Amino acid sequence: MWQLANTKSTPIYQQIIEQIISYIQDGTLQPGDKLPAERKLAEYYQVNRSTVVHALEELVSLGWVIRRQGSGTLVNEGNWGRSTHPRVDWRSLFTQETHPKEPFLERAQRLLKEPDIIDLYSGELPLSMIPDFRFPSYTWEELLLEEKKQSSLGYRPLQQVICKRIKLEQKIDVSSDQVLITSGGQQAMFLLLQVMLQSGDSVAIEDPSFLYSLPIFASAGVRLYGVEMDKEGMRIDKLEQLILTKKIKLIILNPTFQNPTGTTMSERRRNELIELSLKYQLPIVEDEVFSEMNFKKIPPSLKELAPHQVIHLGSLSKIFGSSIKIGWIVADQKLIQRLSDAKQMMDFSISIFPQVIAHTALTDPLFEQNQAELVVALKQKAQAFIDQSKIIAGDWSISKIEGGIYVYLTWRHQHLTRKDWEIFLQEKLLIAPSFLFSNDTMSMRVNYTRMSKKTRQEFFIKLQAISKELRRS
């Protein structure tokens, strides 16, 4: 059992890692099984003890085994090789420095209250574009009866509707015990961090990424490492370098109409990503909130390509606005149950009311028609933006708009600093500079859906003037 093939050219410690992982995967080693002592393994493999120690340390860092004082090395019993209980270090949380506020955002928030501001920063559709639906009247008694249909995973009728939509859109069968309803996408992400990671662990995300600005990672003590992107999405060669050098434990990405760039990862790149994640046994978290806003056929979701390797996050907030603060996690049943346990322990309960509203919206007879009309309206707005953008094309490169709500503009000339972006606030033009999502300062995210014909004309007139001022500086 503990012998290696002499034909392989890979380092011995890596061969040991691969063999032990294969034994766990094929059931030769079961959860809780004890591995031979280090000295014994060194004798079996006919290598130095330090080689065995190196291999076991890597297996611990990857989550396949755990090492206990006096008990030796055991095959980890936890799903994904992580803690089976939520981890919140409240003492540390309240004694650490608060997450620093971004001055640009603070000023932008103050400007939002002014009537003549052009808000292209907010990450929602304008009210006029949100699909309408008729909400039935409920008595208090009827709502209490609906509440009885709620399990620890959420409102069962809503779970069932989500399962049907996932089967329709992603061609995969999902049962209700694989869906956890959350109070929006950020709560879903927070639960995953608490259950799957430990303080000090490293996560790979896209660069740039909206995740960069979320304080929940710093609060959990999780390190974020950005992976360079190209026109096909996250670069797999750069990701593998990070995995090897930073001991990445989780990959989180937004593969369809990515926030902020609007890029959609190609199917070829998606398959490469899955292959790499299988190689290093790393789970993928796929945040798919824009996929229903597509102007043409999009690649299969990562969840569809690798159902057991990918954790899927969905939300209604981009279509119906933040008023319906409902999201969901789709994963294997064991992980969903642990996330549900963590949710209950942290008292992250969700009122029945928004769940009933969400269910009503998704089951409305006109939902599909309204959804189709929304996509047509988005496509028209996108085309109008691209047509008018020709007047600033000499100063800004503009991303393709093939769906979603964002367009990404990149300055073509000299290096810009954070201070340069203050001119947009002075002109009462609220956009999202790239330094909110990365260390880059040369681009901006614009929510093109929030432009009426009038505000679109005002935007380009102001952008022309701003561009002239930036070139002069």
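The dialogue below goes through sheets, packed helices, surface and backbone.

Tutor: Keep in mind that this is a predicted model. Begin with the sheets. Strands of a sheet pair through backbone hydrogen bonds, in either a parallel or an antiparallel sense.

Student: In what order do the strands of the eight-stranded open sheet run?

Tutor: The order is β6-β13-β12-β11-β10-β7-β8-β9, and the pairing is mixed. At the edges stand β6 (179-182) and β9 (233-234); each has a single partner strand, so one side of each is left without a neighbour in the sheet.

Student: Which helices pack on that sheet?

Tutor: Helix α8, residues 185-196, is one of them and touches β6, β10 (248-253), β11 (284-287), β12 (310-315) and β13 (327-330). The direction of α8 makes about 155 degrees with that of β12. Helix α11, residues 267-279, also packs on the sheet, where it touches β8, β9, β10 and β11. Its angle to the direction of β11 is about 150 degrees.

Student: In which sense do β7 and β8 pair?

Tutor: Parallel: six bridges link β7 (residues 202-207) with β8 (residues 223-230). To find one of them, take Val203, whose bridge partner in β8 is Leu224.

Student: How is the four-stranded open sheet paired?

Tutor: Its pairing is antiparallel, in the order β14-β15-β18-β17. The edge strands are β14 (396-398) and β17 (432-433); since each has a single partner strand, one side of each lacks a neighbour in the sheet. Three bridges join β14 to β15 (residues 406-411), and Trp396 stands opposite Trp411 in β15.

Student: How many residues lie between β1 and β2 in their hairpin?

Tutor: Three, and Gly70 in the turn has a positive phi of about 85 degrees. Strand β1 (residues 65-68) runs antiparallel to β2 (residues 72-75), with four bridges between them. Ile66 faces Leu74 of β2 in this pairing.

Student: Now side chains. Is Met196 buried or exposed?

Tutor: Buried means under 20% relative accessible area. Met196 has 2% relative accessibility, so it counts as buried. This residue belongs to helix α8. Sequence distance is a separate matter: Met196 and Leu335 are 139 residues apart along the chain, yet their C-alpha atoms are 9.1 Å apart in space.

Student: Which residues form a nonpolar patch on the surface?

Tutor: Phe135, Tyr138 and Phe353 do, with about 250 Å² of accessible area together. Of these, Phe353 lies in helix α15 (residues 352-363). Phe353 counts as partly exposed because its relative accessibility is 39%.

Student: Turning to the backbone, where are there cis peptide bonds?

Tutor: Look at omega. Another is the bond from Asn259 to Pro260, with omega near 25 degrees. Pro260 is in the loop between β10 and α11.

Student: Which residues have a positive phi although they are not glycine?

Tutor: Among them is Lys247, with a phi of about 50 degrees. Lys247 is found in the loop between α10 (236-246) and β10 and is partly exposed, at a relative accessible area of 42%. Lys428 has a positive phi of about 55 degrees. This lysine lies in the loop between α17 (422-426) and β16 (429-430), and at 23% relative accessibility Lys428 counts as partly exposed.

Terms used:
Residues numbered from 1 in each chain as written. Predicted model: local features only at pLDDT ≥ 70, side-chain atom pairs only at ≥ 80, totals over all residues. Heavy atoms only, no water. Pairing = 2+ DSSP bridges. Helix = DSSP H or I, 4+ residues; strand = E, 2+ residues; numbered from the N terminus. Contact = heavy atoms within 4.5 Å. Axes fitted to C-alpha atoms, helices over the stretch in contact; angles between N-to-C directions. Patch = residues over 30% accessible without salt bridge, like charges linked within 9 Å, V, L, I, M, F, W, Y side chains within 5 Å. Areas by Shrake-Rupley, 256 points an atom, 1.4 Å probe, with all protein chains shown as cover. Salt bridge = Lys/Arg side-chain N within 4 Å of Asp/Glu carboxyl O. Buried < 20%, exposed > 50% of the residue type's maximum accessible area, 1.4 Å probe, protein only.
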